[in-house]
Amino acid sequence: MLSTAEPGPRRFPFIVFDWDGTLIDSTSIIADSLQQACRDVGEPMPTDIAARYVIGLGLSDALKHVAPGLPSDRYAELAARYRHHFVARDAQMKLYPGARELLAELASAGFLLGIATGKSRAGLDRALAQQRLEGLFAATRCADEGFPKPHPDMLEQLMDRVGVAPHETLMIGDTTHDIELARNAGAAALAVAYGAHHADGLDALAPLATLHSIAELRAWLIANA
């Protein structure tokens, strides 16, 4: 168990998680939904690497990357087809093994928890309800509520809401967008390489560590947070 004793000031009293690919195993579904949406509107299907790269960005930015030849007046059509494919597979998405227990341990130990995600507010609220995690997070921020990743707005708003400084905040995510978000906001970053982006790309941005499982993440937090 994470210790609830307080031998000294916590290094990171506020721990912010990305959602897709960090807490929930959804990256393959997102990538496939983007590919199918492009097919539906007659655009070339992006490769798996290209589709996975945009995970974590706001939907508008993601669509521009995967369908650069699509006229902007058809983005709404592409977005609707993406949502159709993604929502149809909602029930298939599960938290990574050990993620629920880790979140509960952190909350019990007195850490403030947050989420910074490229999902919409409606999408995150639906996901939290499906996974029975409502009320666990002190603050959450979504891509349709301000500037999307890697702009610092998400973390700045979260830190302001809970009243912590950047040096007290740890951002945990599976994409380079998450690491850049933390850096742009002046916060620390921890990468997980079991989601959308490969370890070498994450390592290039020099997070505190790059971890390969929820078990490794938990061990790191016990030793360092």
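Okay, so let's start with Asp18 and Lys149: their side chains form a salt bridge, 2.8 Å from N to O. Keep in mind that this is a predicted model. Asp18 sits in the loop between β1 (14-17) and α1, while Lys149 is in the loop between β3 (139-142) and α7 (153-162), so this pair ties together parts that are 131 residues apart in sequence.

Buried or exposed, this Asp18? Buried, with a relative accessible area of 2%. Lys149 comes out at 2% relative accessibility too, so that one counts as buried as well.

Now for another pair in that neighbourhood of the sequence. Lys119 and Asp20 make a salt bridge through their side chains, at 3.5 Å from N to O. Here Lys119 is in the loop between β2 (112-117) and α6 (121-130), and Asp20 is in the loop between β1 and α1, so parts that are 99 residues apart in sequence get tied together. Both Lys119 and Asp20 are buried.

Compare that with what goes on inside helix α6. Asp125 and Arg121 also pair up, with 3.1 Å from N to O. Both are in helix α6, 4 residues apart, which is about one turn of the helix. Asp125 has 38% relative accessibility, so it counts as partly exposed.

How many salt bridges turn up over the whole structure? The search finds 12.

The largest nonpolar core has 58 residues, and the members that touch the most others are Phe17, Trp19, Ile172, Leu190, Leu217 and Leu221. Helix α1 (residues 27-40) supplies the largest share of this core, with 6 residues. There's another core lying apart from it, with 21 residues, including Val162, Val164, Met171 and Ala189.

Last thing, confidence. The chain averages a pLDDT of 93, and 96% of the residues score at least 70. Where does pLDDT stay under 50? Over residues 3-8, and for that stretch the model has 4 contacts beyond four places in sequence.

How values were computed
Residues numbered from 1 in each chain as written. Predicted model: local features only at pLDDT ≥ 70, side-chain atom pairs only at ≥ 80, totals over all residues. Heavy atoms only, no water. Core = buried A, V, L, I, M, F, W, Y, C linked by side-chain atoms within 4.5 Å. Buried < 20%, exposed > 50% of the residue type's maximum accessible area, 1.4 Å probe, protein only. Helix = DSSP H or I, 4+ residues; strand = E, 2+ residues; numbered from the N terminus. pLDDT = per-residue confidence, 0-100. Contact = heavy atoms within 4.5 Å. Salt bridge = Lys/Arg side-chain N within 4 Å of Asp/Glu carboxyl O.
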